[in-house]
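Please keep the sequence and the three-dimensional view at hand while reading.

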Amino acid sequence: MCFFQSKAYYELMKGLPGVEPFSYSLPEQSGDSSASVIGMHFSNGGIVKQYLSSRIVVLGEPQLNESGDTDLPEETDWQFTKPLNRKSIYSELRLLEPAKNKNFFNSLTYTHLIPYLNILVDTTPTAEILYSNLSSTRKRQVQSSTIAGALVRPARSEDEVESFYVILEELYVRKIKKPLLQKEVFLRTFRNKNIGEIFVVLFNEKVIGGMLCPFDEKNEIYEWYIGCRDEEMKKHKVYPSVLVTWEVIKYASVNGFSRFNFMGAGIKGKPYGVRDFKMQFGGKLVDAPRYIFVHKPLLYKLGKLAVKLGLGN
């Protein structure tokens, strides 16, 4: 089961300011539940920002019950978001790989279909084989970082988690200009090893980056958030984003995970530097479409403008 369609994700997000988790069972004609959806209603910032950023996000494909029935009723459509539609500008369903249950997605009435991409790394081979799949540039940067004294390991204290979060805050305000989840999500993950791991990059005993990695049992590990002081560390021939990505892929292999999920690689057909970076770690590029149903078209346009201007932070 995808982590973002699990009870663990629901519990992780419960009680956070600006986040309202919900779960919904999709009914069969018989009245029994055929599948379930877990999602989040988000709103960020002050009163105006909350209004312009109010949205429903479902990550991952709705989960079929053990019967494996793929014939969900057409009237299901977007009804799983209806209790929250009144206060939401739009609903977005983000797949992380091609849909298994195509009947459900073919029945959706949506306003926008974004042909998004993702990259998945099969981590069942040995770490040695996975390392051989890296590009020559990434291998050289991993080696250079290691020789310089940088290392990656799971965070050992809340102080280390908070240092990583500071780096993320700076990155999201300065460059990404999108809402960042609250620090409490990172701290909760650190406190509950059943949810995942927070990996930190250290150089001279100082945190210079990290990655938030939830996982679903021993199946898949996810790059949910990554943030590193890459520009600052170049003078030391240290490449923290490269090193932490490789070390988490290696961790997945050594610890029996079957897949590392990059969680996004931009829009199909559009140049994207981040995609180029991620593709050098030996993964497979897959379709991961996003479906958007707009409840309030005018506010949707205003909200997109606000995010572009960095007003959603």
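Two strands count as paired if DSSP finds at least two bridges between them. With that definition in place, L93 can be described as standing opposite Y291 in strand β15. The model discussed here is a predicted one. The protein chain contains 12 helices and 15 strands.

**The chain as a whole**

- Of the 313 residues in the protein chain, 51% count as buried.
- The accessible surface amounts to about 15200 Å², and carbon and sulfur atoms account for 53% of that surface.

**Strand β5 and its partners**

- Strand β5 covers residues 90-94. Four of its five residues are buried, so this strand is largely enclosed by the rest of the structure.
- β5 runs parallel to β3, and five bridges join the two. In this pairing, I56 has S91 of β5 as its bridge partner.
- β5 also pairs with β15 (residues 290-294), here in the antiparallel sense and over five bridges.

**The nonpolar cores**

- In soluble globular proteins, nonpolar side chains tend to be buried together.
- The largest nonpolar core in this model has 37 residues. The residues with the most contacts inside this core are F4, Y9, M13, F186, W224 and Y225.
- Elements that each supply at least two residues of this core include helices α1 (7-13), α7 (158-176) and α8 (183-191).
- A second, separate core has 31 residues, including V152, C213, C228 and A265.

**Helix α6: one side buried**

- Helix α6 (residues 136-148) has 13 residues. The distance from its first C-alpha to its last is 18 Å, close to the 18 Å expected at 1.5 Å a residue.
- The buried residues of α6 are R138, Q141, V142, S144 and S145. They cover an arc of only 165° around the axis, which puts them on the same side of α6.
- An α-helix has 3.6 residues a turn, so residues three or four places apart point the same way.
- S136 and I147 are exposed on the other side of α6.
- What do the buried residues of α6 pack against? They pack against α5 (127-132), α10 and α11 (273-278).
- The residue G149 follows α6 and has a positive phi, near 110°.

**Helix α10: largely enclosed**

- Helix α10 (residues 240-254) has 15 residues, which should span 21 Å at 1.5 Å a residue. Its end C-alpha atoms are 21 Å apart, in agreement with that expectation.
- Why can α10 be called largely enclosed by the rest of the structure? The reason is that 12 of its 15 residues are buried.
- The buried residues of α10 include P240, W246 and E247, as well as A252 and S253.
- G256 follows α10, and its phi is positive, near 85°.

- T189 is found in helix α8. It is buried, because its relative accessible area is 1% and the cut-off for buried is under 20%. T189 touches L12, I195, G196, E197, I198 and L212, apart from any residues up to four places away in sequence.
- F203 lies in strand β9 and, at 10% relative accessibility, counts as buried. Beyond its neighbours within four places in sequence, F203 is in contact with A148, G149, A150, I208, M233, H236 and V238. F203 and H236 are 33 residues apart along the chain, and their C-alpha atoms are separated by 9.7 Å.
- K284 and D122 are 162 residues apart in sequence, and in space they are 8.2 Å apart, C-alpha to C-alpha.

Conventions
Residues numbered from 1 in each chain as written. Predicted model: local features only at pLDDT ≥ 70, side-chain atom pairs only at ≥ 80, totals over all residues. Heavy atoms only, no water. Expected span 1.5 Å × (residues − 1). Buried < 20%, exposed > 50% of the residue type's maximum accessible area, 1.4 Å probe, protein only. Areas by Shrake-Rupley, 256 points an atom, 1.4 Å probe, with all protein chains shown as cover. Core = buried A, V, L, I, M, F, W, Y, C linked by side-chain atoms within 4.5 Å. Arc of directions from axis to C-beta. Contact = heavy atoms within 4.5 Å.
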